[in-house]
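Student: I would like to learn how to read a structure feature by feature. Could you take me through one, with the general idea before each case?

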Amino acid sequence: MSARSESAVSPGTESSTGVESAFARWLTPLVTADGTAGRVMLRQFGYVRMLTCEARSLRLVRGARATVPGSDWESGTASGDAVALVVPRGGTVRVAQDGRGVSMVPGESALVDLRRAFSIELGHEYQYEHEHEGMARTLFLRLPLHALHVPSAPLPSLTARALRPSAGSVDSSGSSGSSGSSTLLPVLLRHLEESAPQLSMSVGERLGGLVTDLVAGLVEDLAEDTEGPPEDDRHPLLITIRQYIDRHLGDPDLSAEQIAAAHLISVRYLHRLFEAEGITVGRLIQRQRVERCAGELARRGRSSPSIAVVAARWGFRSPAHFSRAFKSVYGHPPQQWRRMAMAGAADVPGARV
């Protein structure tokens, strides 16, 4: 498949019949791409790339140290810290990574860590939802890892698992159900596919932010499903209090006094419960508020509300207080950190206690 034909289709859109080179440039470096001829189309929505591949059959393989000579990957101008959501539109797709493999049909999707070895096989053993000269269609959503605000450590437990719209838990085959995000995301993707040529750059960027939020929801759902039975020997009341704090982070009046009163205990006893946690109640509230703000700022980039609006939404009474709290956790003021996050340089999950 050395033949290569490319042309600009519309703003933010490119098309190529050089399948291997297209995936290498737009998704991630590959060791090989074996299969019949096909076509790949790229649509850019802010920092979100949506690749649409049409092929009768195709096998994509990435090694642990794949490079593409002469590409922006080799020169370092493209960030490799990214994940992809693979979404079959027609035919079957099998994804293998981290010692697991899962086969998917339309209506399902799976996460792939693009920094590490994987294989993806596109087939045609299913009735096509979209058919073009006998070719099955598959979507690849490429998103920078920092925008999902997910630590790198849990990723190996989340990849190559089938996500389905209905609720459920991980079964013995390594599949998982999920909630609203997996129901809304296919609707939005269909709209993006059909409307991309008519979208302005600013609208496309906002929709890219919404796509990121929905994929982040899928990742959060999947992380909860793969955790398994809790192994928590902490005081049951402490677990309840932490859940209460999570639900009330946006309340600027949230305090040790309010928490103690809500659970019919004294403030002194509340602090005693947290002694073994290595963090005070006030510090925990502040850190979690900062992390929620960081997640929203990183996911939405330039499309997010102002920093002051985000801070107020998560319970900070003043921008100055928020700026000091944010810097104490992430080492940079929020304005600088957001610029770094959008450039892929900020260590988003690297909060300091």
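Predicted model: local features only at pLDDT ≥ 70, side-chain atom pairs only at ≥ 80, totals over all residues.

Student: Where does Thr-159 lie?

Tutor: Thr-159 is in the loop between helix 3 (145–148) and strand 13 (163–164). A loop residue has to be judged by its own value. Thr-159 has 1% relative accessibility and therefore counts as buried.

Student: Which residues is Thr-159 in contact with, leaving aside neighbours within four places in sequence?

Tutor: Thr-159 is in contact with Gln-97, Asp-98, Arg-100, Leu-111, Val-112, Asp-113 and Arg-116.

Student: Now salt bridges. How many does the structure hold?

Tutor: The general idea is that side chains of opposite charge can pair when their charged atoms come close. There are 12 salt bridges in this structure. One of them joins Arg-115 to Asp-81, with the closest N and O atoms 4.0 Å apart. Arg-115 sits in the loop between strand 10 (110–113) and strand 11 (118–122), and Asp-81 in the loop between helix 2 (72–75) and strand 7 (82–88), so the pair ties together parts 34 residues apart in sequence.

Student: Are Arg-115 and Asp-81 buried or partly exposed?

Tutor: Arg-115 is partly exposed, with a relative accessible area of 24%. Asp-81 is also partly exposed, at 41%.

Student: Which elements hold Arg-137 and Glu-193?

Tutor: Take the bridge before the elements. The side chains of Arg-137 and Glu-193 meet in a salt bridge of 3.5 Å, N to O. Arg-137 belongs to strand 12 (residues 136–144) and Glu-193 to helix 4 (residues 180–195), so this pair ties together parts 56 residues apart in sequence. Arg-137 counts as buried at 18% relative accessibility, and Glu-193 is buried with a relative accessible area of 12%. Both residues also belong to a network of salt bridges that links Arg-39, Glu-54, Arg-89, Arg-137 and Glu-193.

Student: What residue does Asp-246 form a salt bridge with?

Tutor: Asp-246 pairs with Arg-292, and their closest N and O atoms are 3.8 Å apart. This pair links distant parts of the chain, with Asp-246 in helix 6 (residues 236–247) and Arg-292 in helix 9 (residues 281–300), 46 residues apart. Asp-246 is partly exposed at 34% relative accessibility, and Arg-292 is partly exposed with a relative accessible area of 32%.

Student: Let us turn to a helix with a buried face. Which residues of helix 11 are buried?

Tutor: The general idea is that an α-helix has 3.6 residues a turn, so residues three or four places apart point the same way. Helix 11 covers residues 319–330; its 12 residues reach 16 Å from the first C-alpha to the last, close to the 16 Å expected at 1.5 Å a residue. Its buried residues are Phe-322, Ala-325, Phe-326, Val-329 and Tyr-330. Seen down the axis of helix 11, they fall within an arc of 110°, so they line one face of the helix.

Student: What comes just after helix 11?

Tutor: Gly-331, which takes a positive phi of about 85°.

Student: How many aromatic pairs does the structure hold?

Tutor: A pair of aromatic rings is described by the distance of the centres and the angle of the planes. The structure holds 6 aromatic pairs. For Phe-322 and Phe-326 the ring centres are 5.6 Å apart and the planes at 65°, so the pair is edge-to-face. These two are 4 residues apart in helix 11, or about one helical turn.

Student: Where does Trp-337 come in?

Tutor: The rings of Phe-326 and Trp-337 have centres 5.3 Å apart and planes at 70°, so this pair is edge-to-face. It links distant parts of the chain, with Phe-326 in helix 11 and Trp-337 in helix 12 (residues 334–342), 11 residues apart. Phe-326 is buried at 0% relative accessible area, and Trp-337 counts as buried at 1% relative accessibility. One aromatic cluster is formed by Phe-316, Phe-322, Phe-326, Tyr-330 and Trp-337.

Methods
Residues numbered from 1 in each chain as written. Heavy atoms only, no water. Expected span 1.5 Å × (residues − 1). Buried < 20%, exposed > 50% of the residue type's maximum accessible area, 1.4 Å probe, protein only. Arc of directions from axis to C-beta. Contact = heavy atoms within 4.5 Å. Phe/Tyr/Trp six-rings, centres within 6.5 Å; stacked < 30°, edge-to-face > 60°.
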